[in-house]
Amino acid sequence: QVQLVESGGGLVHPGGSLRLSCAASGRIFRIVPMGWYRQAPGKERELVAGITPDGRTNYVDSVKDRFTISRDNGKNIVYLHINNLKPEDTAVYYCSLTSGVTIYWGQGTQVTVSS
């Protein structure tokens, strides 16, 4: 079993910044792909950023210049640094981990951008 716990969300003014963290634990015996998704009310969950075991990253076009995903392999932690937050970034952000054919999810952390 694998467990993922997100943290770092909150209420932020437009233009502010956040760092989201995701700590993985359980039966993890190798470095595996991880990513961040988000889901706004009434919308489908979408992939925001992903990172491979060797550190290659990818982003959805709408966040590419503002979001940065990184990982600490020794501690099984993945981060999402968000700059210049916009109201449209408001969503629940979920961490994911892929092991074999199984995708694991965290409980989500709320990000709200409002003046």
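Trainee: What volume does the largest cavity have?
Mentor: About 50 Å³. Keep in mind that this is a predicted model.

Trainee: OK, which residues line the largest cavity?
Mentor: The lining is made by A24, I28, R30, I31, V32, M34, R71, N73, N76 and L97.

Trainee: How does that lining divide into nonpolar, polar and charged?
Mentor: Six of the lining residues are nonpolar, two are polar and two are charged.

Trainee: M34 is in that lining. What is M34 in contact with, leaving aside neighbours within four places in sequence?
Mentor: Quite a list: L4, C22, A24, G50, I51, I69, R71, V78, C95, S96 and L97. Of these contacts, A24, R71 and L97 also line the largest cavity.

Trainee: Switching to the core. How many residues are in the largest nonpolar core, and which have the most contacts inside it?
Mentor: The largest nonpolar core has 29 residues, and M34, W36, L80 and Y93 have the most contacts inside it.

Trainee: Which elements give two or more residues to this core?
Mentor: They're strands β1 (2-7), β3 (18-26), β4 (34-39), β5 (46-51), β7 (67-72), β8 (77-82), β9 (91-99) and β11 (109-113).

Trainee: Let's look at β4 and β5. How many bridges join them, and do they run parallel or antiparallel?
Mentor: Five bridges, and the two strands run antiparallel.

Trainee: What do β4 and β5 form, and how many residues sit between them?
Mentor: A hairpin, with six residues between the strands. In its turn, G42 has a positive phi of about 80 degrees.

Trainee: Last one: Y37. Which strand does Y37 lie in, and what does Y37 touch?
Mentor: Y37 lies in β4. Not counting residues up to four places away in sequence, Y37 touches R45, E46, L47, V48, V92, Y93, Y94, S96 and W105.

Trainee: What separates the C-alpha atoms of Y37 and G50?
Mentor: 8.8 Å, with the two residues 13 apart along the chain.

Terms used
Residues are numbered from 1 along each chain as its sequence is written. This is a predicted model: local features need pLDDT of at least 70, side-chain atom pairs count only at pLDDT 80 or more; totals for chains, interfaces and linings use all residues. Side-chain values use heavy atoms; hydrogens and water are left out. A nonpolar core is a set of buried Ala, Val, Leu, Ile, Met, Phe, Trp, Tyr and Cys residues joined through side-chain atoms within 4.5 Å. Buried means under 20% relative accessible area, exposed over 50%, partly exposed in between (1.4 Å probe, protein chains only). Helices (H or I, at least four residues) and strands (E, at least two) are DSSP runs, numbered from the N terminus. Contact means heavy atoms within 4.5 Å. On a 1 Å grid over the protein atoms alone, a cavity is a set of points where a 1.4 Å probe fits but cannot get out, and a pocket is an open set with protein on both sides within 12 Å along at least five of seven lines; lining residues have an atom within 4 Å of a point. Grid points are joined across faces, edges and corners, and a volume is the space filled by probe spheres set on the points. Ala, Val, Leu, Ile, Met, Phe, Trp, Tyr, Cys and Pro count as nonpolar, Asp, Glu, Lys and Arg as charged, and the others, Gly among them, as polar. Two strands pair if DSSP finds at least two bridges between them.
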